[in-house]
Amino acid sequence: MVNTAERDSQGAHFIGGTPFFASRHDQRLSYALYVPKDHTPDAAPLPLVVIQHGTGRSAELYRDRWKGFAIEHRCVILTPLFPAGLVEPGELHSFKFLEYKGIRFDHELLHIVDEVGERFNTETKKFYLHGFSGGGQFAHRFLYAHPDRLAGISIGAPGRITQLDDSLPWWLGTGGFAERFGVEIDIEAVRRVPVQMVVGGDDVESWEINNPGGPNWMDGVEKTGSTRIERLETLRDNFTAHGIEVRFDVVPGVAHKGSEVIPVVQEFMAELVSRR
């Protein structure tokens with residue numbers, strides 16, 4: 001780990017808002033952080049909050065918007081970046097479904113988290129995760145695969161949901177999950193993870209999520225609701241039916257803008273971090 005006490009031309013870029021670093025495991029992927037400037041290698045490790053971008057890849061924006069939270073609540077913010085067009089030119093959606101053409105995005109996030117733990121003195125056995133829109137899709141599917149790594153999760157306005165239902169094919173449901181991902185879903189472990197679901201009260205535009213024939217469409221998704229609000233309600237009801245407690249937040253006056261639900265997400269995360 002770089003000695004953050006040394007304010008030289010090198011070390012200064014490893015505290016505060018950092019550059020984007022290439023992942024050591026797969027250099028096509030990268031990440032940035034906000035590290036409180038007084039955090040040192042010999043201090044107690046700080047909790048880690050991961051903010052997963054959506055289709056727009058606004059990782060830098062999220063890092064900067066969470067700076068105040070990191071300072072106030074003594075934690076490190078990690079914003080991974082999974083580029084568009086990673087395998088095929090113009091491809092936008094692959095990371096949301098955990099795996100695409102041999103890339104396991106859930107595993108790649110865990111490699112990044114472990115790397116950050118080594119380099120920046122953070123807690124990595126369990127971490128907090130928030131994703132909005134495409135990031136919300138990734139987040140709730142990551143929960144199914146790795147509940148043991150999560151200290152809390154906030155699922156924001158996913159346009160496409162995966163219900164805990166083995167009678168439905170992946171990704172509408174969890175049919176074939178173990179064969180696809182090499183792990184059974186541990187419902188008891190999922191129940192132990194504090195869950196928030198959050199969506200804007202005006203998040204009703206549906207052109208992006210009702211696109212039959214699109215690369216991220218499956219027949220049957222229309223049955224989960226016509227808007228992101230309705231689809232998140234369907235996911236909430238599915239979780240509740242499986243004994244998973246959910247804090248459900250509808251933010252008044254907010255459309256499909258991840259930056260505008262941040263205060264409500266931070267309220268949820270602050271409570272969790274303060275209890276650790």
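These notebook entries record what I looked up in a predicted model of one protein.

**Conventions**

I number residues from 1 along each chain as its sequence is written, and I use heavy atoms for side-chain values, leaving out hydrogens and water. Because the model is predicted, I require pLDDT of at least 70 for local features and count side-chain atom pairs only at pLDDT 80 or more, while totals for chains, interfaces and linings use all residues.

**Entry 1: overall form**

I found eight helices and eleven strands in the protein; these are DSSP runs numbered from the N terminus, helices being H or I of at least four residues and strands E of at least two. The radius of gyration, taken over C-alpha atoms, is 18 Å, close to the 19 Å that the globule rule gives for 276 residues, so the protein is as compact as a globular protein of that length. The globule rule is 2.2 Å times the number of residues to the power 0.38. I noted a C-alpha trace spanning about 55 × 40 × 35 Å along the principal axes.

Of the 276 residues, 55% count as buried, that is, under 20% relative accessible area with a 1.4 Å probe and protein chains only. I then looked at contacts, meaning heavy atoms within 4.5 Å. Among those with a separation of 6 or more, 69% join residues 24 or more positions apart.

**Entry 2: the core**

Of its 80 residues, Trp 66 and Phe 239 touch the most other members. Helix H8 (residues 262-275) gives the largest share of this core, eight residues. Leaving aside neighbours within four places in sequence, I list for Trp 66 contacts with Val 49, Ile 51, Ile 77, Ile 262, Val 265, Gln 266 and Met 269.

**Entry 3: H3 against H4**

The axes of helix H3 (residues 105-120) and helix H4 (residues 134-145) come within 10 Å and cross at roughly 85°. I class H3 as roughly perpendicular to H4, a term for angles of 65 to 115 degrees. Axes here are lines fitted to C-alpha atoms over the stretch in contact, and angles run from 0 to 180 degrees between N-to-C directions. On the H3 side I found Phe 105, Asp 106, Leu 109 and Leu 110, which meet Phe 138, Phe 142 and Ala 145 of H4. I count six nonpolar residues, no polar and one charged in this contact; Ala, Val, Leu, Ile, Met, Phe, Trp, Tyr, Cys and Pro count as nonpolar, Asp, Glu, Lys and Arg as charged, and the others as polar.

Glu 115 lies in helix H3 and counts as buried at 3% relative accessibility. Beyond four places in sequence, I found Glu 115 in contact with Ala 22, Ser 23, Arg 24 and Tyr 31.

His 130, in strand S8 (residues 127-132), is buried with a relative accessible area of 1%. Not counting residues up to four places away, His 130 touches residues including Val 50, Ser 154, Val 265 and Met 269.

Ala 157 is in the loop between strand S9 (150-156) and helix H5 (177-181), buried at 0% relative accessibility. Its contacts beyond four places in sequence include Phe 132, Asp 203, Arg 228 and His 256.

Gly 200, in strand S10 (residues 195-200), is also buried, at 0%. I found Gly 200 touching Ile 229, Val 250, Val 251, Val 254 and Ala 255, not counting residues up to four places away.

Key. Angles under 35 degrees count as roughly parallel, over 145 as roughly antiparallel, 65 to 115 as roughly perpendicular and the rest as oblique. A nonpolar core is a set of buried Ala, Val, Leu, Ile, Met, Phe, Trp, Tyr and Cys residues joined through side-chain atoms within 4.5 Å. Buried means under 20% relative accessible area, exposed over 50%, partly exposed in between (1.4 Å probe, protein chains only).
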